[in-house]
Amino acid sequence: MEIPFADLRPMHDELRSELDAAYKKVMDNSWFIQGKELEAFEKEFAAYVGVKHCIGVATGLDALYLILKAYGIGAGDEVIVPSNTFIATALAVSYAGATPVFVEPKIETFNIDAALIEAAITPKTKAIMAVQLQGRCSDMDEINRIAEKHGLKVIEDAAQAHGAKYKGKKAGALGDAAGFSFYPGKNLGALGDGGCVTTDDDELAAKVRALGNYGSDYKYHHIYKGTNSRLDEMQAAFLRVKLPYLDKWNEARRKVAARYLAEIKNPLIKLPLATSEDYEHIYHVFVIRCNKRDELEKYLADNGIHTVKHYPIPMHMQKAYAELQILEGNLPIAEEISRTVLSIPMYYGMTMDQVDYVINRLNKFG
């Protein structure tokens, strides 16, 4: 049996007629940037998240960068980020001109360890970037408490957390502002690149919107040195089609995850934490750990099961961040995670036969 790591076809096949109609509508309107589809999607996604504002932008990376820029965070400033995340989190800080300061995660959750944050705060610290990694939210109560105590902004990297909840509130409404990605493989994905910022901060929303539109508050009037980062009409229209199905898709992922958690029984494999009342996981990816990760990866590939490593090289060991001069061994938890993680198939539309096969192969590894 051949099982892809992810497959978007089951989702798109169910929505084919609606997606085709959305395409036709945009084409017939012949308006492709900052039109009615974007305006409607922004309202709908803001309502879904539970915030006042949603601003569509070109990518998730841009969303984080524009938040930092709008808050005036730049050269000479520091932003705390988890040492275990996709590099886009740190790149946003770098693009703003600030310095990322890496704080280790809890190995059980893969998310930043809130107990370690205060030790990393300096007079230069301006914000904490809380990454809701893999679809599980961070310890937001403690992060917000620390931020309030030290006068810091809390910025959510919610790129993998569409629909995830923390104590009943959705990701994207848990800090001062949040950045989402709509990369096609996300739980809510466009048919190309896309992203957005969500916030309850009126001033920030207006500034992000202007900064992403050449610094313009109205046509040919430029109040900032902005950039070009806008979610186009076609992607907004496709996202409008998909949004009403997001909770259904997330629930399907939870059902697959529940089977993995209950039925994978191999002492060589460490499973992630399950969803709970306080941490409602949406399993953007399902990540296991194994000290024989490379052997497991090959074994699964030989059995037709495709996997991905999220992420094989920690940020501080990437050549891009060599200037930080963080030596190997200085962030041991991030390094341990990178050495042992493997993401197994997880997507809407997986059949129970496919899930059975993955579980069976994993239980026979050794």
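Biologist: Which residues have the most contacts inside the largest nonpolar core?
Modeller: One note before that: this is a predicted model. The residues with the most contacts there are Phe 45, Ile 80, Ile 117, Ile 143 and Phe 182. The core holds 45 residues.

Biologist: Which elements each supply at least two residues of it?
Modeller: Helices α3, α6, α7 and α9 do, and so do strands β3, β4 and β8. Helix α3 gives the most, with 6 residues.

Biologist: What does Phe 182 touch?
Modeller: Leave out residues up to four places away in sequence. Then its partners include Phe 41, Phe 45, His 162, Leu 188 and Leu 239. Several glycines are on the list too, among them Gly 189 and Gly 192.

Biologist: And how many residues are in the second core?
Modeller: That separate core has 32 residues. Leu 64, Leu 66, Val 79 and Ala 177 are among them.

Biologist: Let's zoom out. How many helices and strands does the chain have?
Modeller: There are 13 helices and 14 strands.

Biologist: What share of the residues is buried?
Modeller: 55% of the 366 residues count as buried. The accessible surface is about 15,900 Å², and 52% of that belongs to carbon and sulfur atoms.

Biologist: What share of the contacts comes from residues 24 or more positions apart?
Modeller: They account for 70% of the contacts with a separation of 6 or more.

Biologist: New topic. How many salt bridges are in the whole structure?
Modeller: The search finds 23. Take Glu 37 and Arg 240: their closest N and O atoms are 3.2 Å apart. This pair links distant parts of the chain, with Glu 37 in helix α3 and Arg 240 in helix α9, 203 residues apart.

Biologist: Is Glu 37 buried or exposed?
Modeller: Glu 37 is buried, because its relative accessibility is 6% and the cut-off is under 20%. Arg 240 is partly exposed, at 24%.

Biologist: Which residues are linked with them in a network?
Modeller: Lys 25 and Glu 44 join Glu 37 and Arg 240 in a network of salt bridges.

Biologist: What about helix α10, where are Glu 251 and Arg 254?
Modeller: Both lie in that helix, 3 residues apart, about one turn. They form a salt bridge, with 3.2 Å between the closest N and O atoms.

Biologist: Why does that spacing work?
Modeller: An α-helix has 3.6 residues a turn, so residues three or four places apart point the same way. Glu 251 is partly exposed at 36%, whereas Arg 254 is buried at 13%.

Biologist: Which other residues of α10 are buried?
Modeller: They include Leu 246, Trp 249, Val 256 and Tyr 260.

Biologist: How far apart are the end C-alpha atoms of α10?
Modeller: They are 26 Å apart. At 1.5 Å a residue, its 18 residues should span 26 Å, so the two agree.

Methods
Residues are numbered from 1 along each chain as its sequence is written. This is a predicted model: local features need pLDDT of at least 70, side-chain atom pairs count only at pLDDT 80 or more; totals for chains, interfaces and linings use all residues. Side-chain values use heavy atoms; hydrogens and water are left out. Helices (H or I, at least four residues) and strands (E, at least two) are DSSP runs, numbered from the N terminus. The expected span of a helix is 1.5 Å times one less than its number of residues. Buried means under 20% relative accessible area, exposed over 50%, partly exposed in between (1.4 Å probe, protein chains only). A nonpolar core is a set of buried Ala, Val, Leu, Ile, Met, Phe, Trp, Tyr and Cys residues joined through side-chain atoms within 4.5 Å. Contact means heavy atoms within 4.5 Å. Accessible areas come from the Shrake-Rupley method with a 1.4 Å probe; for residues, only the protein chains shown count as cover. A salt bridge is a side-chain nitrogen of Lys or Arg within 4 Å of a carboxyl oxygen of Asp or Glu.
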